[in-house]
Amino acid sequence: MRRDLNELAGVEHDVLVIGGGIQGACIAWDAALRGLKVALVERDDFGAATSANSLRIVHGGIRYLARADFARMRESIRERSALLRVAPGLVEPLGVLVPTGAPGVPGKAAFGAALALTHALSPARNRHLDPSRRIAAGRIVSRPECQRLFPALNTATFNGGALWYDARMTRPERLTLAFVVSAASAGARVANHAEAEDFEIRHGAVRSVRILDRLSGARHEVRGRQVVIAAGPWTEELSGRAGRRANLPGGDPRHALALNLVIGRRISEVAVGLRSSAASEADPGGSGGRFLFLSPQEHTTLLGTWYGMADPSTDPGPALDRGAEVLLAEFNRACPGLGLAPGDVIGRQWGRLPLKAGLESGPSTSLAERPRVGGRNGSCPANLLTVEAVKYTTARAVAQEVVDGVLASMGLRQRECRTAETALVGAELSGGDLPPLAQRVLYAVREEMAMTLGDVVYRRTELGDPPGPSREALGLAAQLVGDALGWDEKRRAAEQASALRPGAV
Ligand SMILES: Cc1cc2nc3c(=O)[nH]c(=O)nc-3n(C[C@H](O)[C@H](O)[C@H](O)COP(=O)(O)OP(=O)(O)OC[C@H]3O[C@@H](n4cnc5c(N)ncnc54)[C@H](O)[C@@H]3O)c2cc1C
């Protein structure tokens, strides 16, 4: 992948996508695969924001059964299969265990019926899947089996459990990158560290977008016949700069903070869901008593998720500190046998998620459930579309809808979407060992548009995995990256300092 903002500014694209999280990356890949001339710009690095900070679960949507929302459930099942198919090296099946018997948790009979229905609703879930990536049927497990799967469970109330299979992204940041690399290999022009600053509007349409190259400081006018803003929690603010007025009731908070903790050891082989006893007032954004999940990673475990209200104008630090305490305490009440201590926590992952905010039925401070696809109304430039995702899992399907809309807006005949079947570049199943780290660092710089030390450490290799890189590893990587990119001593030291800063992602 080559980063060339002069080239990007030199042609008119069919579609200019702003935002290189999973949503923008999926849109760029789909549009490029359907033969459109695509540009993608990302202010920071691809997948560096919300998309790098999820619980990494590709949901099959069993939760939607409780409200008989079969359409959403089918969509989740379809998307889980699509990701297992197109990115087999980055997505794998994950067992999920929910112990039964505790107050507020459905009983074995209810779970048994739900699992049978899930099975019946997903006959094609393993179509064209590598055998190692197939989703087995869920089942009810006995108390001893439940305890074997999760030995820390020692409460008197539990009487067994429900075990089903979802999927896990092993590295969400690399999965986002795989969509970007695939888009580039299909002809898209992509650039990271390239920020959309402002919009030139002429005759009610976006004529060009001013892009700041954050590495050189140069500014470029980039043109797209259609412009799509997929800037996650920044979408509303950015589209406001293009003159779009979101039809949101004023005053309501738009986003919640969402936080996961990284526990420094792998606690179980399966993900475990336990009902929190917290009342709704301790669960802003939710209705109280939600499920807390432990999700196993290679060497660690993610514990999530705490939600709190986010005021974008204030530093989220104090709220996240409080959230980390509350989450740990809530989890320890639900599972005293594990006795997690603050010292077990080696990292935090957080982001902002959209709230219903009056746009969907239900309390305005509950998490949004539907992606926000906007545009084509009175206040919006005619060729501007906006999209804010609510789930990593369904970003591919949302992209399909967006690209259908782009083709329609351009007056073009619909072309078949092939992203659910086409293998992503660089996300194939790899049975063998990875090449040596030094080789991968150089590959990241030469082929994967790593432009800073942080890009290499946090999103192209495992060097930055919690608790973060050692000084030695960082020094070695800085040497390699610096030699490849021609950095002087001063730049090398600055990159090292920036990559060591906590939260330097
Ligand atoms: C704690 C937590 C746990 C979660 N767990 C799960 C889970 O288990 N499963 C699941 O499916 N989903 C989960 N999610 C939700 C999921 O992560 C998000 O819905 C998804 O990542 C959003 O992707 P996005 O591309 O819309 O946003 P982002 O990833 O935030 O991407 C938007 C991008 O736009 C860029 N940008 C902003 N302004 C500009 C500009 N002016 N110019 C250029 N670029 C710009 C940003 O730098 C950013 O990279 C979780 C989220 C959180 C926070």
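Predicted model: local features only at pLDDT ≥ 70, side-chain atom pairs only at ≥ 80, totals over all residues.
A residue is called buried here if 20 or more other C-beta atoms lie within 10 Å of its own, and exposed if 12 or fewer do.

**Stop 1: alanine 230**

Select alanine 230, which sits in the loop between β10 (219-229) and α7 (235-241). This alanine 230 is buried, because 31 other C-beta atoms lie within 10 Å. If neighbours within four places in sequence are set aside, the contacts of alanine 230 are Val17, Ile18, Gly19, Gln23, Gly24, Ile27 and Val387.

**Stop 2: the domains**

Next, colour the protein by its division into domain 1 (5-51 + 173-250 + 367-409), domain 2 (90-169), domain 3 (255-354) and domain 4 (437-500). Look then at domain 2 and domain 3, whose centres, taken over C-alpha atoms, are separated by 21 Å. Where they meet, 15 residues of domain 2 are in contact with 13 residues of domain 3. On the side of domain 2 that touches domain 3, strand β4 (residues 91-100) contributes the most, with 6 residues, and that side consists of 11 nonpolar, 3 polar and 1 charged residues.

**Stop 3: the shell around the ligand**

Now centre the view on the ligand and show the 42 residues around it, of which Gly19, Gly21, Thr50, Gly232 and Gly351 come nearest. Domain 1 and domain 3 each provide at least three residues of this shell. Which elements each supply at least two residues of the shell around the ligand? They are α2 (22-33), β8 (194-202), β11 (255-263), β14 (301-309) and β15 (345-354), and β15 gives the most, with 4 residues. Coloured by class, the shell shows 19 nonpolar, 17 polar and 6 charged residues.

**Stop 4: the hairpin of β8 and β9**

From the shell, follow β8 to strand β9 (residues 205-213), to which it is joined by 8 bridges, the two strands running antiparallel. Isoleucine 201 can be picked out opposite valine 206 in β9. This hairpin has 2 residues between the strands, and histidine 203 in it takes a positive phi near 50°. Is histidine 203 buried or exposed? Histidine 203 is exposed, because 7 other C-beta atoms lie within 10 Å.

**Stop 5: methionine 449**

Move on to the loop between α10 (437-447) and α11, where methionine 449 is placed. Methionine 449 also has a positive phi, near 55°, in a residue other than glycine. Methionine 449 is buried, however, because 23 other C-beta atoms lie within 10 Å.

**Stop 6: two cis peptide bonds**

The last stop concerns the backbone, in which most peptide bonds are trans. Select glycine 304 and threonine 305, and the peptide bond from the one to the other will be seen to be cis, with omega near 0°; threonine 305 is found in strand β14. Then select proline 466 and proline 467, where the peptide bond is again cis, with omega near 10°. Proline 467 lies in the loop between α11 (453-460) and α12 (471-485).

Methods. Residues numbered from 1 in each chain as written. Near = placed C-beta within 6 Å. Nonpolar A, V, L, I, M, F, W, Y, C, P; charged D, E, K, R; others polar. Domains from an automatic or database assignment. Pairing = 2+ DSSP bridges. Contact = placed C-beta atoms within 7 Å.
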